[in-house]
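Dear colleague,

Here is the structure I said I would pass on. My notes on it follow below.

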Amino acid sequence: MTSLRHNGENFAASMHQSYASGVARMHGVVRQRRLDRCRSDLEAARRTESITSIALRWGFNDPSHFSRLFGRRYGIAPRALARKRQEA
């Protein structure tokens with residue numbers, strides 16, 4: 001009986017881990033899509049709004065966190081990308 005209980009607990013733990021990793025992957029996909037939208041908005045010709053307002057629109061509530069994620073994804077800071085766009 002102990003063996004069955006132990007196997008049941010392992011199965012439940014395994015299922016929970018699988019679910020949690022699937023949710024984490026989905027959150028990552030959604031975050032990447034939001035970052036893509038931010039980049040698109042930053043590159044848009046009508047770039048009159050602030051980087052912070054763009055980040056907020058796409059659900060990034062902390063400008064520093066947004067900047068780190070953006071830089072990690074694209075290899076350039078949002079401010080540098082915006083400046084590059086304005087110079088073009």
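Helices (H or I, at least four residues) and strands (E, at least two) are taken as DSSP runs, numbered from the N terminus. On that basis the protein chain has four helices and zero strands, in the order α-α-α-α from the N terminus on.

This is a predicted model, in which local features need pLDDT of at least 70 and side-chain atom pairs count only at pLDDT 80 or more, while totals for chains, interfaces and linings use all residues. Residues are numbered from 1 along each chain as its sequence is written, and side-chain values use heavy atoms, with hydrogens and water left out.

Confidence: pLDDT is the predictor's confidence in each residue, from 0 to 100. Its mean over the protein chain is 81, with 69% of the residues at 70 or more. By element, the lowest mean pLDDT is that of helix α1 (residues 2–43), at 73, and the highest that of helix α3 (residues 63–74), at 96.

Taking contact as heavy atoms within 4.5 Å, 56% of the contacts between residues at least 6 apart in sequence join residues at least 24 apart.

Helix α4 (residues 78–87): the buried residues here are P78, L81 and A82. They line one face of the helix, because seen down the axis of α4 they fall within an arc of 95 degrees, taken from the directions from the helix axis to the C-beta atoms. R79, K84 and E87 are exposed on the other side of α4.

Regards

Note on methods
Buried < 20%, exposed > 50% of the residue type's maximum accessible area, 1.4 Å probe, protein only.
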